[in-house]
Each structure stands twice: as structure tokens, then as C-alpha cells.
Amino acid sequence: MDQFESFKAAQKQVWVRFAALEAITTPCAARLVKRAGVRSGQRVLDVACGTGVVSVTAARLGARVTGLDLTPELLERARENARIAGVEIDWHEGDVEKLPFGDAAFDVVLSEFGHIFAPRPEVAIAEMLRVLKPGGTIAFSTWPPELFVGRMFALTASYLPPPPPGVAPSPLWGDPNIVRQRLGSAVKDILFDRATMLVPALSPSHQRIASERSGGSMVRLIAELEASDPAKLERFRREYDALASEYFEDNLLRQDYLITRATKL
Ligand SMILES: C[S@@+](CC[C@H](N)C(=O)[O-])C[C@H]1O[C@@H](n2cnc3c(N)ncnc32)[C@H](O)[C@@H]1O
């Protein structure tokens, strides 16, 4: 297994309990689907679909949806979500860096806070564009490095061993200049938009505890430090709460993000 495959094997473990946060990404899913202009009858791919919030939203509009994710436990919940909503969706366990679909198979390719976790951005975006037909729409939601989630990722990373060489930090996907470079000459009409996710919580510490339990590198950090270095973990938690306090008002944690939309040439 090379460093990228082991990185993805680790990713598969840290997202297992993300279903607990699906209510928070659900309103963002409607925003992304609307922003991408999804219409009835279109073939839509939801990359890194998690529990299927974007997939189900698009399918309820009449689109023919395929959802793909690395983590089988989340796909189980996604199947249940589709069943409850009464929609048919084609689910695949898989990796955005190696999509199991033909060239130009989709009218729309979407990803909500998902493809950003692939270790090699250039491989992920090349795959997403390969399966999109010319004239089709690509749209995704990402976390800017200078806002809460980007800063929280950087804080978490500073307490963990460095990632393997060649693994790009996910918040770079929240920088419009970098997004432009990564989409390159394969697209036209790039549009950027800002949106806000409001996370209800009784205090910054409540929100931290939910994140510690539910996904991403926080899960790994807690697993690594809980037994080995409780004092360091305590320091991390204090720093996290101080950062979250900057964005916390009226029992809501404000998480602004970037939406990108473009048309494949
Ligand atoms: C923050 S969750 C977002 C899930 C969903 N899109 C949503 O908005 O609720 C990130 C997702 O990315 C998935 N993921 C991470 N790396 C991936 C990869 N290389 N290929 C496919 N999915 C991946 C995880 O399994 C997880 O479901």
C-alpha cells in the first residue's frame, strides 16, 4: 500500500460516525443543489456523498442520482435516507481518485465538503471532470482556510504528526485562486459564492464534543492523545474552545464556506 492508499484507509475509519452530523449538512445540500441548477431527468453524481444528503435532495427534484463514498457505514445510512424519502439512488462504495464510471457519464457532478478529503487534489478533480459531459456543471462546497473550519483543521493538524508527503491540506479547496488553478482550462464561467452553516450548540465546548465524536481528523486526534498525553489533549481542547468562541453567538456556531460552480468545456 503506498502512502495515499494508507491515508485513504485511515480516512475510511475517521468518518464512520459522521451520520450524527447529517442534520447540519442537510440545509447546505439544498443550497448546493440549487446553486448547481439541478433539474429533473439530469444524471447527477454526488461525490463523497456520506449519508446522501445531496443525493436525496437532487433525487427529490427528479434527477437520476448516483452517490459514491469511501465509507460503507455512511452508505448504509444513505440507503435508509433514500428509502425514507421514497427515491431510487444508485449507491457505490468507492474513491473519488478512481471513479468507477465512464467518461462524460454525468450532466452534473457535485461534492459537499467531500472531495476535499482526497489526498491528491489534481487526481480528484481530473476524475470529477472526466466523468462530466462537456457543457455539464461541476459544483462543490469547501472550507476557506481563513475561516472557522479551515482554522480548526489547521489547529487539529498542529497537534497531529504531519500527513504523508504529497497529501494536500483540505482547506486549500476554500481558496478561490487555488480552485481556479485546479479547475484550470477544463472549465468556463467559474462562479464563487459564500454561504453560512449555522451549527446549534449550547456552548463552544458542546460543539467541540459533537465534532470529537463525529468525524475527520478530530476523531484521530482524540484517539491518539486520550491515553498517551491527556495534558496535551487538554491544551488542544482549550485552544479549540477559544477559537470556536470567536464564531459563537446566540447558541450558534457560524461556519462560512465557499460554493464553486463551473461549466465543463
Ligand atoms: C464531511 S463528510 C461530507 C459528507 C456529505 N457530502 C455531507 O455533506 O453530509 C466527508 C465525506 O468524504 C468521504 N470521503 C473522504 N475521502 C474520500 C475519498 N477519497 N473518496 C470518496 N469519499 C471520501 C467520507 O467518507 C465522508 O463521507
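Trainee: How far is an oxygen atom of the ligand from an N or O atom in the side chain of Thr25?
Mentor: In this model, which is predicted rather than determined by experiment, an oxygen atom of the ligand lies 2.8 Å from an N or O atom in the side chain of Thr25.

Trainee: And what's the distance for the side chain of Asp69?
Mentor: There, an oxygen atom of the ligand is 2.6 Å from an N or O atom in the side chain of Asp69.

Trainee: Okay, and which residue has a polar backbone atom 3.0 Å from a nitrogen atom of the ligand?
Mentor: That residue is Val96, whose polar backbone atom is 3.0 Å from a nitrogen atom of the ligand.

Trainee: How much of the ligand's accessible area does the protein cover?
Mentor: On its own the ligand has 600 Å² of accessible area, and the protein covers 98% of that.

Trainee: What lines the largest pocket?
Mentor: Its lining has 48 residues, and those nearest its centre are Trp15, Phe18, Thr25, Phe113 and Phe117. Several elements give two or more residues to this lining, among them helix H2 (22–35), strand E2 (64–69) and strand E6 (187–200).

Trainee: Which element gives the most to that lining?
Mentor: That is H8, which gives five residues to the lining of the largest pocket.

Trainee: What about the second largest pocket, how much space lies in it?
Mentor: About 590 Å³ of space lies in the second largest pocket, and 27 residues line it, with Phe7, Gln11, Pro163, Ser217 and Arg220 nearest its centre.

Trainee: Which element supplies the largest share of that lining?
Mentor: The largest share, five residues, comes from H1, while H1, H6 and H9 each supply at least two residues of the lining of the second largest pocket.

Trainee: How many residues of the second largest pocket's lining are charged?
Mentor: There is one charged residue in the lining of the second largest pocket, alongside 20 nonpolar and six polar residues.

Technical notes
Residues are numbered from 1 along each chain as its sequence is written. This is a predicted model: local features need pLDDT of at least 70, side-chain atom pairs count only at pLDDT 80 or more; totals for chains, interfaces and linings use all residues. Side-chain values use heavy atoms; hydrogens and water are left out. A polar contact is a pair of N or O atoms within 3.5 Å; within protein, one must be able to donate a hydrogen and the other to accept it, and residues adjacent in sequence count only if both atoms are side-chain atoms. Accessible areas come from the Shrake-Rupley method with a 1.4 Å probe; for residues, only the protein chains shown count as cover. On a 1 Å grid over the protein atoms alone, a cavity is a set of points where a 1.4 Å probe fits but cannot get out, and a pocket is an open set with protein on both sides within 12 Å along at least five of seven lines; lining residues have an atom within 4 Å of a point. Helices (H or I, at least four residues) and strands (E, at least two) are DSSP runs, numbered from the N terminus. Grid points are joined across faces, edges and corners, and a volume is the space filled by probe spheres set on the points. Ala, Val, Leu, Ile, Met, Phe, Trp, Tyr, Cys and Pro count as nonpolar, Asp, Glu, Lys and Arg as charged, and the others, Gly among them, as polar.
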